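Below are some remarks for a colleague who wants to look through this model point by point. Please keep the coordinates open while reading.

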Amino acid sequence: MLLAISTTHNPATDLGYLLHKNPARLQTEDLSFGKGYVFYPESKPDHCTVVLLIEVDPVGLVRGRGPGGEGGQLEQYVNDRPYAANSFLSVAMGRIFASAMGGRSKDRPELAETAIPLSAHLPMVAARGGQDMVRRLFEPLGYQVELEGAVLDEQFPEWGDAPYVALTITGVKRLQDLLTHLYVLIPVLDNEKHYWVGQDEIDKLLKRGEGWLSLHPEKDLIVSRYLKRQQGLTREALSRLVAEESPELEAEEEAAAAEPRTERELTLHQRRLEAVLTTIRNTGAKRVLDLGCGSGKLLKLLMEERQFETILGMDVSWRSVEEAKERLKLDRLPERQRSRIEVVHGSLTYRDTRLSGFDAAAVVEVIEHLDPARLAAFERVLFEFARPSHVFLTTPNAEYNALFPSLPAGEFRHGDHRFEWTRSEFQTWAARVADRFAYEVSFEPVGPIDEALGAPTQMATFRQVEVAA
Ligand code: SAH
C-alpha cells in the first residue's frame, strides 16, 4: 500500500526537512509486519512528492497462529491487508514520520508551524460506507476531496462497485495536521484494525485528534470505528471529548487566546475591534474582509450593521473557522442574512482569488503571528493581489510592554507571537509597503496612551492611491 504527499510550497524540497527524510536517499525501515520505504519520485523547488510504501508480509503475519475464523486458511492469506490503505499504514506513519506528526522539525521549526499547500494521494483505500463517507470525513476538515471509484470486476459489471477508491485530498495545512488527519481517518474508513484495541487506544485517539476531533461533525462515527465499535471504549472516549469542549472551558480558552493575560484588565481587545469597526464604517465600505478572523468577534459586529453587504472572514486555523461559524450561528441564519456572510479556511501567505474585489480589509492582531520570512508573501497576497481599497491593520506596540507588570522584559504578549514591533519599526514597514504597492498610510494609537511609550496597540490605515489615467 502506498501514500504520496506533495507540496507546491516554495521551496518544495523543504518537505524533506519537515519529514526528516532526505530526498536524495531511499530509506528502508523494518516494521513488525513487513517493511516501509520512503522515497521521492519528484523533488524540485516548485513541486516535491514523497512516497511511503508499505510492504506487508502476509505469510509472516499468520505464521505461528492457529487456523483463522470462517474463511479458514485461505482467508488468512488472501485478503486486502497488503494492498489497501489501513491501520498498517497508520502504524507505519506513526513510526516513520514520528517527529513530523508531533509537529517537530529540527531544521525548519517555523515551517512545521505553517500551513502550506499540501495534497495526499492514496491510490487504494477501503472506503467502507461508500464515497459519501469519505467526503463526510475529510471535507469538514477543510480538504478538497477527489475520488475515483472502480467496479469490482470489469467482466462482471453486475457485481457492482468495489469498496475501494483512489483518494486525493488537497488543502492548505500544516504537515502535522495532514498526517494526523490521515493517521486517524484511514483506519476509520477501513473500519478494521489489525491489532487488539484496548484502553490505551483512547489516549492515542484523543492525542491525535486534539484540536479537531471534538469539533468534527462525524466525531461519533469516527470514535466508534476507531475503537473497533467497542461500546464501552467509545462511550468513554466521547465523554472525554465532550469534557474537552465544555462551554466554560471554551470561554476561558477563547478569552486567553484572543486576549493575552497582560492585556485583559484593559479589555483592549474590545477597544481594538471598536476602533477598527468605526474606521471601516467611516470609509463607506460595503464589501469587507476580516483576515485572520479568529473566533469571529469582529465578524459579529460587522454583521450587526446593514451598511456591510458582503462580509468574508478567513483564518488559517480550522478550529477558529468552526468557532466563528458557531458564534455567528451560520447554519441557523435566515437566508437574507446568510447570503451576506461567508467564513472560509485559508492562509494569508498564499494568493487567493476569493479575496479579490473588496472595499476594505481588517487584519487585526494577525501579522505578529506570521513568520518574518513569510511576511513578504503576505504583503503581495494582500496589497498586490487582493488589493482592497482600504486596509486596517493592527499590531502590538512593543514599547508599551514595559507597562505590563506581569510581562518580563523582552518577552512577547502571547506565546504564538513571532515578533512585536516598536512604533518606528511598524511605521517603517508600513511606509515601505504603502510605497511599493501604491497606497497611502496613516497611523493611529488604540488604547490608553502613555506619553513616552504610546498606546498598547498601533493601527495603520492604508488607502489605495488612485492612479491617474
Ligand atoms: N483577528 C482576530 C484574531 C487575532 S489572533 C481578533 O482580533 O480577535 C490571530 C489569528 O490569525 C489567529 O486566529 C490565527 O489562526 C490567524 N492566522 C495566523 N496566521 C495566519 C495565516 N497565515 N493566514 C490566516 N490567518 C492566520
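How many nonpolar, polar and charged residues does the lining of the largest cavity have, by class?

1. The lining has four nonpolar, two polar and one charged residues, where Ala, Val, Leu, Ile, Met, Phe, Trp, Tyr, Cys and Pro count as nonpolar, Asp, Glu, Lys and Arg as charged, and the others, Gly among them, as polar. The residues concerned are Leu18, Ala100, Gly103, Arg104, Ala112, Leu175 and Gln176, a lining residue being one with an atom within 4 Å of a cavity point.

2. Please read everything here as describing a predicted model, in which local features need pLDDT of at least 70 and side-chain atom pairs pLDDT 80 or more, while totals for chains, interfaces and linings use all residues. Residues are numbered from 1 along each chain as its sequence is written, and side-chain values use heavy atoms, with hydrogens and water left out.

3. As to volume, the largest cavity comes to about 40 Å³, and the structure holds one cavity of 30 Å³ or more. A cavity is a set of points, on a 1 Å grid over the protein atoms alone, where a 1.4 Å probe fits but cannot get out; the volume is the space filled by probe spheres set on points joined across faces, edges and corners.

4. Around the ligand there are 16 residues, of which His269, Gly292, Asp315, Leu348 and Val364 come nearest (a residue is near if one of its heavy atoms lies within 4 Å). By class, this shell has six nonpolar, eight polar and two charged residues.

5. One of its oxygen atoms lies 2.5 Å from a polar side-chain atom of Asp315, and for His269 a polar side-chain atom is 3.2 Å from a ligand oxygen. A polar backbone atom of Val316 is 3.3 Å from a nitrogen atom of the ligand. The protein buries 85% of the 570 Å² that the ligand exposes when taken alone (Shrake-Rupley method, 1.4 Å probe).

6. Two backbone details deserve a look. The peptide bond from Asn10 to Pro11 is cis, with omega near 0°, and Glu365, although not a glycine, has a positive phi of about 55°. Most residues other than glycine have a negative phi, and most peptide bonds are trans.

Note on methods
Polar contact = N/O pair within 3.5 Å; in protein donor to acceptor, adjacent residues only side chain to side chain. 1 Å grid on protein atoms, 1.4 Å probe; cavity = no way out; pocket = protein on both sides within 12 Å on 5 of 7 lines; lining within 4 Å.
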